[in-house]
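Good morning, and thank you for coming. Please look at the model on the screen while I go through a few of its features.

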Amino acid sequence: MFKKILIANRGEIAIRIMRACREMGIAAVAVYSEVDRTAQHVRYADEAYLLGAAPATESYLVMEKIIGAAKALKAEAIHPGYGFLAENPEFAQLVKDNGLIFIGPEPATIRLLGDKMAARDTMIKAGVPIVPGIKKAIASVTETQEIAEGIGYPILLKAAAGGGGKGMRIVRSASEMPQLFKMAHSEAKSAFGDDRIYIEKYLEKPRHIEFQILADQHGNVAHLGERECSIQRRHQKVIEESPSPIVDQEMRQRMGETAVKAAKAANYENAGTVEFLVDQDKNFFFLEVNTRLQVEHPVTEMVTGIDLAKEQIRIAAGEPLSLSQHEIQWRGSAIECRIYAEDAENNFLPSIGKIQSYREPNGPGVRVDSGLANGDAVSIYYDPLISKLIAWGRTRTEAIQRMKRALDEYGIYGVQTIIPFHKQVMNHPDFINGTFSTHFIDEQKDQLSKLVSIPESDLKTMAILSCLFDYQTKKMGTGITKSPNLSCWKYETRRRRLFGV
Ligand code: MV4
């Protein structure tokens with residue numbers, strides 16, 4: 001087993017991986033940028049190495065600096081986390097070329113699966129169901145119109161180098177094609193330096209359901225069940241859960257077997273995620289493979305009891321999977337709410353600033369994976385994810401109840417967060433009933449924001465009234481003794497400061 005691992009990341013995921021290292025008796029090296037000198041992942045690490053200035057292009061994305069850090073501090077392996085260099089085949093290759101171990105798949109596998117057309121082709125050959133579409137890149141508008149007639153509108157133009165929704169265009173009729181093709185083409189070229197575009201049948205209101213897989217170096221591949229990831233906005237997931245409310249044991253087995261087949265077809269090694277789109281008739285189609293540990297991995301950990309970060313490290317060290325497929329069991333239901341520092345009422349605009357007061361929820365069935373603490377700043381340089389709040393329950397209903405309770409307990413002051421948004425979703429009948437698609441947030445946006453957008457003047461009046469109300473109704477049993485000369489306003493302020501309400 002490794003003695004020392006470098007974690008080429010920051011925030012909650014760096015800490016998550018270091019926790020696995022700590023449990024395994026492995027020393028963890030953090031890397032950091034100038035604004036992250038006192039960040040939580042640096043404090044948690046056994047050793048830390050300064051990469052450079054705040055912009056990721058001068059720190060977390062500079063391959064040579066990270067390799068240099070690993071060599072200087074004698075780490076044997078590098079865990080890339082998610083984002084940054086996690087799915088960069090050149091980085092995985094460079095790690096290898098320097099005699100270090102990349103905790104993830106082989107560079108060739110990352111490269112193959114990063115090319116969505118090549119991945120599709122691999123899956124067709126392996127007999128994995130894919131969305132109806134074409135196998136080769138399109139060259140001209142006339143060609144696209146012919147193909148689209150064959151498939152039937154609406155169709156979706158996708159970039160071969162894409163993924164995550166970039167460079168995608170829905171085309172609903174032949175007349176729209178010339179313009180939308182041009183847009184997709186130039187967007188793909190500027191975003192990826194690769195202008196190859198292909199066509200798929202466009203599925204209306206699909207669900208996004210993904211399977212976690214684990215594959216070792218000895219040919220063992222197992223799936224750990226699904227995650228429902230349909231609650232997203234602009235291709236950014238916001239809430240994930242496991243199991244999916246629409247997947248039963250029979251469907252799980254069929255989809256799981258398909259995911260394992262997909263992994264084997266790509267010579268997959270380490271932890272990975274096979275994404276599917278599921279249509280309204282519950283037909284599932286392969287979408288893509290993510291070659292990293294995902295943000296939403298904790299919901300799988302909660303229902304299987306398997307520590308994915310530790311499994312990743314064991315696999316990279318050449319150990320066989322610690323469980324075989326028939327030993328994997330699922331218990332209960334887990335939901336993850338991503339706690340972003342964003343203003344849900346203002347188009348999810350990042351809310352930059354210093355956290356003035358911070359109190360995390362806890363108690364039965366609650367897990368918080370956080371990257372910030374009191375006094376830390378949400379900066380413009382990185383993702384505004386403060387933490388991931390995960391609730392587990394024996395049933396989905398209990399998981400929702402616990403999530404609501406935990407969201408109520410969560411106190412974050414100084415920056416805006418999407419906690420109020422999550423509270424509304426947890427109370428939304430479509431979420432509760434499990435009847436939603438990838439369009440949920442866009443469809444509900446008006447209603448969701450209407451409930452929370454109150455004019456400033458009304459807010460002030462409400463604040464005064466609520467203060468008075470609290471003073472008159474809740475003053476007993478708070479543990480603060482009100483002296484006769486303390487004004488009701490001061491008393492109420494003190495109570496609120498103590499209890500964060
Ligand atoms: C689709 C689709 C409908 N039909 N493909 C978006 C991200 C990229 N990985 C693929 N995506 C989609 N591909 C066909 N043929 C709808 C989406 C899609 C989506 C997929 C997963 C999660 C959220 C989404 C939001 C909008 C569209």
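Predicted model: local features only at pLDDT ≥ 70, side-chain atom pairs only at ≥ 80, totals over all residues.

Strand 4 (residues 77–79) and strand 5 are paired in the parallel sense, over 2 bridges. Strands here are DSSP runs (E, at least two residues), and helices are DSSP runs too (H or I, at least four), numbered from the N terminus; two strands pair if DSSP finds at least two bridges between them. I101 of strand 5 is the bridge partner of A77.

Residues are numbered from 1 along each chain as its sequence is written, and side-chain values use heavy atoms, with hydrogens and water left out.

The open sheet has 5 strands in the order 3-2-1-4-5, with parallel pairing. Which strands stand at the edges? They are strand 3 (47–52) and strand 5 (101–102); each has a single partner strand, so one side of each lacks a neighbour in the sheet.

Next, helix 10 (residues 297–304). Because 7 of its 8 residues are buried, helix 10 is largely enclosed by the rest of the structure. Buried means under 20% relative accessible area, exposed over 50%, and partly exposed in between (1.4 Å probe, protein chains only). Among the buried residues are H297, E301 and T304. Just after helix 10, G305 takes a positive phi of about 75°.

Finally, I380 lies in the loop between strand 20 (377–378) and strand 21 (385–393). Is I380 buried or exposed? I380 is exposed, as its relative accessible area is 63%.
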